[in-house]
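Subject: The structure I promised you

Hi,

Here is the structure we talked about, with my notes below it. Have a look at the model first, then read on.

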Amino acid sequence: MNKSIAVIGLGRYGKSIATELYKNGADVLAIDGNPEIVNEIADSVTCAMSLDVCDMDALRETGISNMDAVVVAMADSLDSSIMCVMSAKELGVPKVIAKAKDEMMEKILKRVGADQVVFPEKESGIRLSHKLISEHLVDYFDLSDSTSLVEILPRAEWVGKNLRKEYKINVVAVIQNDEFNIAMDPDTPLKADEPLLIIMKKSDLKRFER
């Protein structure tokens, strides 16, 4: 069964999330107060609606209470973000993710019920900085405050070795021809052009960047 997700606020970030979710098979309800923006995205989501996002009754009528998750993507408007987060939680949405522009906004949104708060610009900057520093690092994703998922090309000294035993590296998958091989034999020799997905502590990242 496809997941149903509502995206409230259709700026560049909200549009990107809504259309990508739809491309990947989710049922997407896109909501914004601007009818022109809603019309622009209408053919790229399951359903698009223009309404007052601060009106809880209007949100209720959209069926938002039946959604698996709601993304509140309006970091430029704290008042609207607060109202949307509160309304979604009061209507029984199990997971509400909100965009914030700073740490104060993050604290407020969590206080009013957001299950997760994201900083797209900050996270993008962190990922880019790590990629620039390391010649091996392909991509970088935060899993928690202490743990990251890293896509990295094998270093020369890793080839032919058991990474878990010799380097305490937890390899999740090998990417082969754009496919994720999660059934990798740790004793199988690594190829220099096949990136690895590794779960690691953030504190260990510097040893991969040298």
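Which strands does helix α1 lie across, and at about what angle does α1 run to β1? Helix α1 (residues 12–23) lies across β1, β2, β4, β5 and β6, and runs at about 165° to β1. Angles here go from 0 to 180 degrees between N-to-C directions, with axes fitted as lines to C-alpha atoms, for helices over the stretch in contact. Helices (H or I, at least four residues) and strands (E, at least two) are DSSP runs, numbered from the N terminus.

Before you go further: this is a predicted model, where local features need pLDDT of at least 70 and side-chain atom pairs count only at pLDDT 80 or more, while totals for chains, interfaces and linings use all residues. Residues are numbered from 1 along each chain as its sequence is written, and side-chain values use heavy atoms, with hydrogens and water left out.

Now the sheet. It is open, with six strands in the order β3-β2-β1-β4-β5-β6 and parallel pairing. Its edge strands are β3 and β6 (116–118), each of which pairs on one side only. On average, neighbouring strands are turned by 15° against each other, direction ignored. To count as paired, two strands need at least two bridges found by DSSP. In general, strands of a sheet pair through backbone hydrogen bonds, either parallel or antiparallel.

β1 and β4 run parallel and are joined by four bridges; Ile 5 has Ala 69 in β4 as its bridge partner. β2 and β3 (residues 47–50) are also parallel, over four bridges, and Leu 29 stands opposite Cys 47 in β3. With helix α2 (residues 35–41), β2 and β3 make a right-handed β-α-β unit. Right-handed is when, with the strands pointing away from you, the path from the first strand over the helix to the second runs clockwise.

Back to α1. Its twelve residues should span 16 Å at 1.5 Å a residue, and its end C-alpha atoms are 16 Å apart, which agrees; the expected span is 1.5 Å times one less than the number of residues. Gly 14, Ile 17, Ala 18 and Thr 19 of α1 are buried (under 20% relative accessible area; over 50% is exposed, in between is partly exposed, with a 1.4 Å probe and protein chains only). The buried residues of α1 pack against β1, β2, α2 and β4. After α1 comes Gly 25, with a positive phi near 100°.

What about the inside? The largest nonpolar core has 28 residues, and Ile 8, Ile 64, Val 70, Val 72 and Leu 109 touch the most other members. Such a core is a set of buried Ala, Val, Leu, Ile, Met, Phe, Trp, Tyr and Cys residues joined through side-chain atoms within 4.5 Å. Helix α4 gives the largest share, four residues. A second, separate core of 14 residues includes Leu 10, Ile 17, Ala 30 and Ala 73.

Ser 81 and Met 105 are 24 residues apart along the chain, with their C-alpha atoms separated by 9.5 Å.

Cheers

Methods: Contact means heavy atoms within 4.5 Å.
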